[in-house]
Amino acid sequence: REKAESARIRAIRLSNETRHINEKLAQEITIRRSVENQLKHTQNFLDSIIDSMPSALFALDNNGFIQQCNKQAADWLQSRPEPLAGKRLAKFFESIEDFESLLSRCHMAHEVQKLERVTLALPAETFSADVVIYPLKDPDLTGLVVRIDDIRQRQQMEEIIVQTEKMRSVGGLAAGMA
């Protein structure tokens, strides 16, 4: 009887401990699911912001391989973002002389590198662009970010301004002669 009673008390104690542990696990699972949902929401929010930009953005590792890119970048390369991961970015920018060395210089010197008014011959189209390469600022992370801006509209506006200035000069000359 004593052994049975002792076993029953141990079983009740173990049952209570198990119930308490299960309650803690259920709380941890609930918290973990909440954190996962928040992380997923934050990731979707940041992806949406990056994909909404009219600039092409590429995240590269130290060797110039694409880790991630936004929708604009994938559109210009006539692809989806996922298949571009792991490919060398310089392969797509063969029209830019010494692009690979520019990436290396940015990584080694940890300084922003800029190329202005370069002609990009991409699968989707050929156009003028500004290219800016940024090293990542976090000391625990290494890599580069490449931003490419289509400058065709800006060039058109500059041409219109130049033409307007020429017309203004001709008007001034004509008024002076009159």
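Me: Which phenylalanines form one aromatic cluster here?
Reply: Happy to start there. This is a predicted model, in which local features need pLDDT of at least 70, side-chain atom pairs count only at pLDDT 80 or more, and totals for chains, interfaces and linings use all residues. Residues are numbered from 1 along each chain as its sequence is written, and side-chain values use heavy atoms, with hydrogens and water left out. Rings of Phe, Tyr and Trp (its six-membered ring) pair if their centres lie within 6.5 Å, with planes under 30 degrees apart stacked, over 60 edge-to-face and the rest tilted; the one cluster consists of Phe58, Phe93 and Phe99.

Me: How many aromatic pairs does the whole structure hold, and what is the angle between the planes of Phe58 and Phe93?
Reply: Searching the whole structure gives 3 aromatic pairs. Phe58 and Phe93 make an edge-to-face pair, 6.1 Å centre to centre. The angle between their planes is 85°.

Me: Is Phe93 buried or exposed?
Reply: Buried means under 20% relative accessible area, exposed over 50%, and partly exposed in between (1.4 Å probe, protein chains only). Phe58 falls in the buried class at 2%. Phe93 has a relative accessible area of 1%, so Phe93 is buried.

Me: Which residues is Phe93 in contact with, leaving aside neighbours within four places in sequence?
Reply: Contact means heavy atoms within 4.5 Å. With those neighbours set aside, the partners of Phe93 are Phe58, Phe99, Leu120, Leu122 and Ile148.

Me: Which residues of the largest nonpolar core touch the most other members?
Reply: A nonpolar core is a set of buried Ala, Val, Leu, Ile, Met, Phe, Trp, Tyr and Cys residues joined through side-chain atoms within 4.5 Å. The largest one has 29 residues, and those touching the most other members are Phe58, Phe93, Phe99, Leu120, Ile133, Val146 and Ile148.

Me: Where is Gln78, and what is its phi?
Reply: Gln78 sits in the loop between α2 and α3 (81-84). Its relative accessibility is 56%, so Gln78 counts as exposed. Although Gln78 is not a glycine, its phi is positive, at about 50°.

Me: What is the phi of Arg117?
Reply: Arg117 belongs to strand β3. At 42% relative accessibility, Arg117 is partly exposed. This residue other than glycine has a positive phi, near 55°.

Conventions. Helix = DSSP H or I, 4+ residues; strand = E, 2+ residues; numbered from the N terminus.
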